[in-house]
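Student: I would like to take a close look at a single part of this structure, the surroundings of the ligand. Could you take me through them slowly?

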Amino acid sequence: MSEDTIFSKIARGEAPADIVYQDESVTAFRDISPQAPTHILIIPNKTIPTVNDVSTEDEAMLGHLFVVAAKLARDEGIAEDGYRLIVNCNRDGGQIVFHLHMHLLGGRPMGRMVQRV
Ligand code: 5GP
């Protein structure tokens with residue numbers, strides 16, 4: 001059994017969030033600390049800690065994350081100008097919350113893809 005996170009609670013309606021979309025397999029809500037004018041997190045309702053934990057049975061839901069991201073980008077009015085989708089994994093990826101999530105970021109030029117170190 002995967003460990004419960006704040007995101008699992010948000011998906012179940014047990015923790016507050018600004019939910020912008022929800023269906024039987026995914027939930028989307030605004031990031032609490034937005035890094036761009038649009039910063040939405042799209043998560044599976046099912047708890048999957050990281051990309052390392054996905055399996056073939058998740059393929060339809062994972063594809064659906066992209067369909068929902070494209071819909072939300074249209075809804076936010078950022079589809080034409082463009083946006084960035086990010087999925088972080090574990091320490092080097094910068095993952096903080098261990099419930100798989102896709103960041104939808106836009107509303108301004110997003111700059112370089114990764115920081116120079
Ligand atoms: P990560 O680095 O794991 O890919 O990103 C986690 C994201 O979740 C961060 O952008 C952070 O601001 C956001 N976040 C963390 N806790 C909460 C919360 O309780 N509510 C919402 N809406 N966003 C959160």
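Student: Which of the 16 residues around the ligand come nearest?

Tutor: Please keep in mind that this is a predicted model. Of the 16 residues around the ligand, those that come nearest are Asp-31, Gly-94, Ile-96, His-101 and His-103. When this shell is sorted by residue type, seven of its residues are nonpolar, seven are polar and two are charged. Helix H1 (6-11), strand E2 (26-30) and strand E3 (38-44) each give at least two residues to the shell around the ligand.

We can now turn to individual atoms. A polar side-chain atom of Asp-31 lies 2.5 Å from an oxygen atom of the ligand, while Val-97 takes part through its backbone, with an N or O atom 3.0 Å from an oxygen atom of the ligand. Arg-30 also takes part through a backbone N or O atom, which lies 2.9 Å from a nitrogen atom of the ligand. The ligand taken alone exposes 520 Å², and the protein buries 83% of that.

The next step is to consider the space itself. The ligand takes up the space of the largest pocket, and this pocket has a volume of about 910 Å³. Its lining is made of 32 residues, of which Asp-31, Gln-35, His-39, Asn-88 and His-103 are the closest to the centre of the pocket. The elements that give two or more residues to the lining of the largest pocket are H1, E2, E3, strand E4 (83-86), helix H3 (90-93) and strand E5 (102-106). H1 supplies the largest share of that lining, namely three residues. Sorted by type, the lining of the largest pocket holds 16 nonpolar, 10 polar and six charged residues.

Note on methods. Residues numbered from 1 in each chain as written. Predicted model: local features only at pLDDT ≥ 70, side-chain atom pairs only at ≥ 80, totals over all residues. Heavy atoms only, no water. Near = heavy atom within 4 Å. Polar contact = N/O pair within 3.5 Å; in protein donor to acceptor, adjacent residues only side chain to side chain. Areas by Shrake-Rupley, 256 points an atom, 1.4 Å probe, with all protein chains shown as cover. 1 Å grid on protein atoms, 1.4 Å probe; cavity = no way out; pocket = protein on both sides within 12 Å on 5 of 7 lines; lining within 4 Å. Sits in = over half its atoms within 2 Å of the grid points. Helix = DSSP H or I, 4+ residues; strand = E, 2+ residues; numbered from the N terminus. Nonpolar A, V, L, I, M, F, W, Y, C, P; charged D, E, K, R; others polar. Points joined across faces, edges and corners; volume = space filled by probe spheres on them.
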